[in-house]
Amino acid sequence: MIGNSRLHWALFINQTLHSTWHTPHISESDIQQLAQTNTFPLSPSSSIPIFLSPHLTITLVLASVVPSQTQLWQTYPNVRLISLNNIPLQGMYPTLGIDRALALYGAGKKWGFPILVIDAGTALTFTGADANQRLIGGAILPGLGLQLTTLGQKTGQLPLLKTSEIIELPPRFAMNTPEAIQSGVIYTLLAGIKDFVESWLSLFPDSKIVITGGDSNLLTTYLKARFPDIAARLIAETNLIFLGMAKILFGNS
Ligand SMILES: Nc1ncnc2c1ncn2[C@@H]1O[C@H](COP(=O)(O)OP(=O)(O)O)[C@@H](O)[C@H]1O
Ligand SMILES: CC(C)(COP(=O)(O)O)[C@@H](O)C(=O)NCCC(=O)O
Ligand SMILES: [K+]
């Protein structure tokens with residue numbers, strides 16, 4: 001899965017999820033090199049390819065929300081691109097992100113429809129479907145990292161904070177700049193999530209709600225502290241998109 005921040009990898013062996021890892025986006029020349037040997041990058045800290053056997057042919061199944069990266073991977077041997085046409089959901093609009101469609105489908109197949117997915121990635125998205133597997137719609141806002149980056153880079157006086165520097169809930173009414181940024185970003189994110197969840201549940205009271213994405217752990221931790229009733233409704237699933245991919249590729253196995 002090619003996300004806006006990085007690549008998310010999953011290795012399936014005999015239709016079973018074997019392992020997952022993340023790497024940065026990969027350059028054109030590195031992709032060409034990988035393509036020649038039918039190998040994959042293991043992790044950012046390691047360049048050891050996971051498969052060296054010339055007898056194994058690995059199919060690379062790709063879903064992407066970054067067209068320039070999609071383009072680069074087309075040269076790879078045995079590549080298959082998943083697009084919206086492959087997702088059995090009704091009512092999708094043509095520019096819906098494939099990551100949102102896959103996560104929604106995977107979640108609905110596992111926990112049942114209606115379903116709401118919260119993806120706390122580069123962008124934070126809400127995506128819902130009703131009992132007929134029909135897209136109800138959703139919302140897109142800058143994710144935690146993007147909000148911090150924007151404030152740090154598009155202002156004259158604000159420092160660039162990192163997500164990893166947020167280790168506890170700041171005071172809501174902060175008396176220094178870093179904590180004021182943290183307060184503004186986190187408390188509005190938590191309030192926004194609470195509001196969207198409540199709004200969804202008023203439409204679909206029995207719906208399951210699944211949260212995924214790079215910032216989901218951090219956000220659920222703070223949601224538990226601030227809004228325990230909301231947090232209790234959330235199912236955390238790191239591999240939601242791969243779950244959707246597996247359903248598409250392997251059916252109900
Ligand atoms: N190693 C990492 N690289 C990038 N983002 C990370 C990393 N670890 C955690 N994150 C967090 O994950 C968020 C991005 O979520 P992710 O699901 O990886 O996005 P995408 O699917 O857009 O690539 C960032 O806001 C960041 O705070
Ligand atoms: C909203 C997104 C940027 C989220 O991407 P991510 O943060 O997971 O990298 C992506 O799903 C996308 O480009 N969507 C297209 C617009 C839409 O879904 O309406
Ligand atoms: K994502």
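This is a predicted model: local features need pLDDT of at least 70, side-chain atom pairs count only at pLDDT 80 or more; totals for chains, interfaces and linings use all residues.
Figure 1. Residues are numbered from 1 along each chain as its sequence is written, chains are lettered from A and ligands numbered from 1 in the order in which they are written, and side-chain values use heavy atoms, with hydrogens and water left out. Ligand 2 has 14 residues around it, and the closest are Tyr93, Gly97, Asp99, Arg100 and Ala123 (a residue is near a molecule if one of its heavy atoms lies within 4 Å of it). Look for polar contacts, meaning pairs of N or O atoms within 3.5 Å; within protein, one must be able to donate a hydrogen and the other to accept it, and residues adjacent in sequence count only if both atoms are side-chain atoms. A polar side-chain atom of arginine 100 sits 2.8 Å from an oxygen atom of ligand 2, and a backbone N or O atom of alanine 123 is 2.8 Å from an oxygen atom of ligand 2. On its own ligand 2 has 470 Å² of accessible area, and the protein covers 80% of that (areas come from the Shrake-Rupley method with a 1.4 Å probe; for residues, only the protein chains shown count as cover).

**Figure 2. Around ligand 1.** Aspartate 215 puts a polar side-chain atom 2.6 Å from an oxygen atom of ligand 1. The backbone takes part too: a polar backbone atom of glycine 214 is 2.9 Å from a ligand 1 oxygen, and a backbone N or O atom of serine 5 is 3.1 Å from an oxygen of ligand 1. Taken alone, ligand 1 exposes 570 Å², and the protein buries 68% of that.

**Figure 3. The largest pocket.** Its volume is about 750 Å³. On a 1 Å grid over the protein atoms alone, a pocket is an open set of points where a 1.4 Å probe fits, with protein on both sides within 12 Å along at least five of seven lines, and lining residues have an atom within 4 Å of a point. Grid points are joined across faces, edges and corners, and the volume is the space filled by probe spheres set on the points. Among the 31 lining residues, His8, Asp119, Gly121, Thr122 and Gly213 are the closest to the centre. Helix H8 gives the most to this lining, with 3 residues (helices, H or I, are DSSP runs of at least four residues and strands, E, of at least two, numbered from the N terminus). Domain 1 (2-81) and domain 2 (88-246) both contribute lining residues, so the pocket lies between them; the bounds come from an automatic or database domain assignment.

**Figure 4. The second largest pocket.** This one has a volume of about 540 Å³. It is lined by 26 residues, and Ala10, Phe12, Thr59, Leu60 and Val61 lie nearest its centre. Strand S1 gives the most to the lining, with 7 residues.

**Figure 5. Two backbone details.** Phenylalanine 113 and proline 114 are joined by a cis peptide bond, with omega about 0°. Proline 114 is in the loop between H3 and strand S5 (115-120). Asparagine 78, in the loop between helix H2 (67-73) and strand S4 (79-81), has a positive phi near 55°. Most residues other than glycine have a negative phi, and most peptide bonds are trans.
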